[in-house]
Amino acid sequence: MHAERLKGHLDLLLLAAVQDHPAHGYAIAETLLARSSGTFDLPEGTLYPALHRLERAGLLTSRWSEVSGRRRRVYQLTAKGQRALARQQHEWHDFSRAVRAVVGGPA
Amino acid sequence: MKSGLEEYLARLELELKQRGLVDVRILEEARGHLADATEKGVQRGLSLEAAEREAIARFGDPNVVAMKFASEGYRIRGRLMFAAAVALGLAIAFLDSRPGWDDAGVTAFVLRLFAGVLGAIVPYRPWVWALAIGVWIPLRAFVLEPSLSSLAMLMVLAFPFAGAYAGMAIRRALVMGPYTSATGRPTTGTSTLASMSS
């Protein structure tokens, strides 16, 4: 999918990718690719600026951690991030339901 | 000779620097990401070189990645920091110029301390922080009395320079830390890949 189309949705996708457990950047990129069946094939390096911004906004927190014997920066949702994710998920479901209702096609 | 990954990281660092972006964490995360992606490629049966090429291609053009960081507000932090450094330097020079202020030791300590803090927050081009904080005292002396002895006041710059470089060194040591391979041996990014392929 063209990166332009993801604009405005990337924050929601990143927050959702660390919803279940903390993850480092590469794992987050893998999660996005796997869950979208290869649709969200972004340049992986461009995920980091967004992750850093979400951290500065207090929605994520990060720490260095040993993963498979190597040091990785692991991101985790904060309480504020969980609230933001819940709100954005709700907004997205409303929006996608409305778009589907207008556009039609398979549910 | 540098590996493909190291060359890529050097290009990314250059692109970041050209945009005034300084954060060793960015490079360390990129290094870890590329090592993971290369490892996955090797596990899928690619040669090390092919896996590195694929990892680099997937990470994206260094120019695009650096541009994205620039657009996410990092540049603003650098500019704010510079403005704060100049303001601090002017405030210290003002205090130092007061007739009641005669403690050069405290001035030297404060110059070193603040330059050190700035060097630690933005661990790149520490001389910028040292000058932004420390140039005002010798500058004032030279403007008031342009002479060789006033020029000698430039010696004052030794304190913020020492502080800024120490701050940068501490930050880099803390952020980058010693790398440890799966076998527990301290290693570099390049030898991590070497140990991975063996």
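Helices (H or I, at least four residues) and strands (E, at least two) are taken as DSSP runs, numbered from the N terminus. On this basis, the elements of chain B run α-α-α-α-α-α-α-α-α-α from the N terminus on, giving 10 helices and 0 strands. The structure is a predicted model, in which local features need pLDDT of at least 70 and side-chain atom pairs count only at pLDDT 80 or more, whereas totals for chains, interfaces and linings use all residues. Residues are numbered from 1 along each chain as its sequence is written, chains are lettered from A and ligands numbered from 1 in the order in which they are written, and side-chain values use heavy atoms, with hydrogens and water left out.

Of the 198 residues of chain B, 41% count as buried, where buried means under 20% relative accessible area, exposed over 50%, and partly exposed in between (1.4 Å probe, protein chains only). Contact is defined as heavy atoms within 4.5 Å. Among contacts in chain B between residues at least 6 apart in sequence, 73% join residues at least 24 apart. Chain B exposes about 10400 Å², and carbon and sulfur atoms supply 67% of this area; accessible areas come from the Shrake-Rupley method with a 1.4 Å probe, and for residues only the protein chains shown count as cover.

In chain A, helix α4 (residues 47-56) is mostly covered, with 7 of its 10 residues buried. Among these buried residues are Y48(A), P49(A) and H52(A). G58(A), which follows α4(A), has a positive phi near 85°. Strands β2 (residues 60-67) and β3 (residues 70-77) of chain A run antiparallel and are joined by 8 bridges; strands pair if DSSP finds at least two bridges between them. One of the bridge partners in β3(A) is R72(A), which pairs with S65(A). The two strands form a hairpin with 2 residues between them, and S68(A) in the turn has a positive phi of about 50°.

The contact between the chains takes 30 residues from chain B and 28 residues from chain A. The area buried between them is about 2500 Å², of which carbon and sulfur atoms give 50%; buried area is the accessible area (1.4 Å probe) that two parts lose on being put together, summed over both. A salt bridge is a side-chain nitrogen of Lys or Arg within 4 Å of a carboxyl oxygen of Asp or Glu.

R58(B) takes part in two of the cross-chain pairs. The salt bridge of D41(A) with R58(B) has its closest N and O atoms 3.3 Å apart, and runs from the loop between α3 (25-35) and α4 of chain A to helix α3 (residues 48-59) of chain B. The side chains of R58(B) and E44(A) meet at 2.8 Å, N to O, with E44(A) also lying in the loop between α3 and α4 of chain A. E44(A) counts as buried because its relative accessibility is 2%, whereas D41(A), at 42%, counts as partly exposed. R58(B) is likewise partly exposed, with a relative accessible area of 26%.

Strand β3(A) also contributes to the interface. The side chains of E39(B) and R70(A) meet in a salt bridge (3.2 Å, N to O), which joins helix α2 (residues 24-43) of chain B to strand β3 of chain A. E39(B) is partly exposed at 24%, and R70(A) is buried at 9%. D36(B) forms a salt bridge with R72(A), with the closest N and O atoms 2.8 Å apart. R70(A), R72(A), D36(B) and E39(B) are linked in a network of salt bridges.
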